[in-house]
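These are my notes from one sitting with the coordinates.

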Amino acid sequence: MNKIEERFKKPTNDSRPRLRYWWPGGYVANYLEELDSEMKEISEAGFGGVEISDVYDAISEKDAQVLDPKKYGFTSDNWRISVKQALKSAKKYGLKVDLTIGPHWPASTNEADPNDFGTAKELVYGSYSFNGELPSGTIIESLCSPHYKTSEKRIDGGEINNKLIAVYTAAHIDHKEVEMPPAVPWEEAYTVISDEIRFDSLEEITAKVKEGRLTEAVGTTHSNSIIIAVFERGTGQRVNMFSMGSSARPDVMEPYAYVVDHFSIEGFKWIKSLWEKNFFSDPEFLELLQKVGDCFFEDSLELQSVGHWTTDMLEQFEQRMGYDIRPYLPFVLGINQDNGLGVESSSFQVEKESKNKIQELRHDYFEVLNQLYQEHHLQPLKKWANTLKMNYRAQPYGWAIDSAAAAAKLDVAEGESLGFGEDGNDAFRLLAAGRDFGGIKILSDEAGAYLFQGYATTLSQLFETLHKNYMAGVNQTYWHGIPFKYAPGAQWPGFSAFNPMLGGRGFAEPWGKRQPVWEYLPAYTSYLGRLHELLRHGKNNLDVLVYQAGHNASENKKIEIGDQLTKMGYRYQVMTEGLFSEPVTIKDRVLYTKGASYRSLVIPKEVALSEKVKKAIDEWSRQGLSVIYQATAELEELVQILKVSDFKTDTGDLLTYQRSSEQHKFIFCYNQGAKSLSLSAFLNSYEVREWMPWTGEIATVRGAQLKAKDCRIFEVLGEGSAIVEELENAEVLSLKKHPWTLTLESWEMYSPENLVNKKTMRSKELSELSYWNKLNGFKNSSGVGTYKTVFDLKDQKPRGLHINSAAGSLLVRLNGQELQGNPLTGDYSLQHYSLTESFELEIVVGSTLNNYLNTSPLAEHYGEFPMQNYGIEDVELRF
């Protein structure tokens, strides 16, 4: 048995899924025994580690008053005590610990305020339309006060200074105010000002300003003119905790936490200082961190800014681009908007003939911002973390960032199922390209944070999301998440970071012992551990690399040709401009990066290419890579290059993924549709064996049909034909109308303030199998249901057991022996079990807490989610 086979049978802790662990600050220090107990429970459930996050958005402003930052904040003694205990417990229970680089997100400091060097800065502007003449002595800031500011004042009421950068005049053509819809459901609509000016009329008049006043009169030859004043200003952004904008809510650090500049090396220095001053003076803390710590983690770049800026931007731009951006600054305003590279996002519009020039300016400004983000933020943090024997994991997306290029610079890149959405797997493909070009190993997934669905997330829903993400390149998951039990104002079943919130169930699932499914998770987490082991093996093999102009993963979630490529059976990734800077090799018409290979490059229709990109593509083509420009060729021409795929389908429901090394070639197949798919074309072309992640077995292929929502893994041994165990034509015996006993352990509360689960037992004799929520007296019950029956088969010996439409977690016992199988499809093989004539079958189903919460004393507190089915409806024996 080789190493990969050993790890597949018994996955290591490094490959097991992890949990985002939500804490209400250093309040955890009041319950260190509970902390140790929870760490033990996490280990016993089969998780490999936690990411400790100082996150408590759902705590009301009133209850948050208890969380005095001096006593419980991120730099408090109580926070350090809590983290240190978590590290000790992790060492005891074999877990890894990740720590966020600061409280909540984005990264912040409590050593500087918005006016200081190294805190987040923005480019703001004010304007004034005029005719005739502006008199000498005019105060620029009074005439052109900034239209937009991220923050009016500091939290203590002090001023945030406006530093004048430049002043301009121009011919003013038009003025518009456009109302924009809210970016997310819980935000409000907002108004955007847009002015049209004549490009060649823009004139800088900063030389005519001294100490903020015009030193001479400014006239105009235009019928309508506009004066534009551009300022640098601190954003004053605090971490993105909900309600953190209220000055009445305690901050996360003493005295205040302001977001650092992510484009300046000084911003990185503030982060480093935070850790060195508050944590690393304790040798035991540092020793523990280096033994059980894995990653420093930084969440997505939720930077609030009118226009992204850093204090030395003008100098950095000229040094990197070779020209001065100062004469054109008005045209880069608006760079932070969604798809901010586009000319349409500029605060100042120009005539059609000049739009290409504006596009070039904005492109270059964007490129410099990305270079600064990578060189002054990502790379220093990675280097610093590595010196501490830690890794740096980050979600490199938000605003107009080149997410793929940034992902290539990390130790671990991460995406998220909530922000990318169910149809946003191309965002993962974009990050996966960055991972593979950069030669890093892991693409992680902040998984399972469904909107307005707290306490209603099912394992089948979660695993459906995970499987789609895996087929896009993910090979590690952090479930979002598990909350600490206690917090100020916590009500049954315990504190949760995001539930209730936003007028209802909030988002993200509060996993843990409070959930009826929790004790049945080891089978599920072992399955994911086995998947992760194989998803990290060798290198990625792709058919197609698709170039796209959009760079930010959270804004470019789905490419237009993706569905067509999937129907054609081709595996693909998405690349961006920044990846052309990474080293590649082209040999025998295949493009090789550090972590992947690609057999073709596709340039979709209407994708703008910079001169730099055109030259890079031409060079790849010259070296032999097949390049298809959709503007002049049809996508079907890929067939001439790649041949017809064995995984071609009419529906596009079959997703595949491939990893290869010198020893193994694995193909992963997932059916995202509602009907079974045939794998006969593939199985008739190759000699294969099947790796079964639910059981750890490696054996003959079990059936040619891929069931709906099922994921199977095949190892290709060579050309030929697979030996397939026929399962499709089995004789079936239904036990639906057999006598059953249902015993329900109902989970309820004693009172809203009591966080202990009240468990009561009830039984019911059934003449026919049914979901328990459809039975009288059980409708609103959540908990654990055990279905039992006894039957006699005499001379018959079943090959397998199938549970139809199970709703909840599954555990199956036959004559007291736990069966191994696939709880998502309900299939359990009986071929390796010693069977007697008389059988006692026991099926245990764990539910969510949803149905009970809907009618509980806390129904109004949590909000309502549609009722869910719990239990089983049919069981079949197959002979």
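**Helix packing and two residues**

Entry 1. I began with the contact between H5 and H8. From H5, the residues Arg80, Val83, Lys84, Leu87, Lys88, Ala90 and Lys91 meet Glu284, Phe285, Leu288, Leu289, Lys291 and Val292 of H8. Sorted by class, I have seven nonpolar and six charged residues in this contact, and no polar ones. I note here that the model is predicted.

Entry 2. I then took the geometry of that pair. The axes of H5 and H8, the latter spanning residues 283-292, come within 10 Å and cross at roughly 40 degrees. I therefore put H5 and H8 down as oblique to each other. The handedness of their crossing is left-handed.

Entry 3. Next I turned to H2 and its crossing with H5. H2 covers residues 32-44 and H5 covers residues 77-93; their axes come within 9 Å and cross at roughly 35 degrees. I logged the crossing of H2 and H5 as right-handed. On the H2 side, the contact is made by Leu32, Leu35, Asp36, Met39, Lys40 and Ser43. On the H5 side, I listed Ile81, Ser82, Gln85, Ala86, Ser89, Ala90, Lys92 and Tyr93. The residues of this H2 and H5 contact divide into seven nonpolar, four polar and three charged. Ala90 of H5 is in my list for H2 and also in my list for H8.

Entry 4. I looked up Thr100, which sits in strand S3, residues 96-100. Is Thr100 buried or exposed? Its relative accessibility is 5%, and the limit for buried is under 20%, so I count Thr100 as buried. A polar atom of the Thr100 side chain lies 2.8 Å from the backbone oxygen of Gly102. Leaving out residues up to four places away in sequence, I find Thr100 touching Glu51, Ile52, Ser53, Phe74, Trp275 and Phe297.

Entry 5. Which residues does Arg589 contact, leaving aside its neighbours within four places in sequence? I wrote down Tyr598, Arg599, Gly624, Leu625 and Ser626. With Ser626 there is a polar contact, side chain to side chain, at 3.1 Å. I also took the C-alpha separation of Arg589 and Ile641, which is 9.9 Å for residues 52 apart along the chain.

Methods:
Residues numbered from 1 in each chain as written. Predicted model: local features only at pLDDT ≥ 70, side-chain atom pairs only at ≥ 80, totals over all residues. Heavy atoms only, no water. Axes fitted to C-alpha atoms, helices over the stretch in contact; angles between N-to-C directions. Helix = DSSP H or I, 4+ residues; strand = E, 2+ residues; numbered from the N terminus. Left-handed = near helix turned anticlockwise from the far one by under 90°. Contact = heavy atoms within 4.5 Å. Nonpolar A, V, L, I, M, F, W, Y, C, P; charged D, E, K, R; others polar. Parallel < 35°, antiparallel > 145°, perpendicular 65-115°, else oblique. Buried < 20%, exposed > 50% of the residue type's maximum accessible area, 1.4 Å probe, protein only. Polar contact = N/O pair within 3.5 Å; in protein donor to acceptor, adjacent residues only side chain to side chain.
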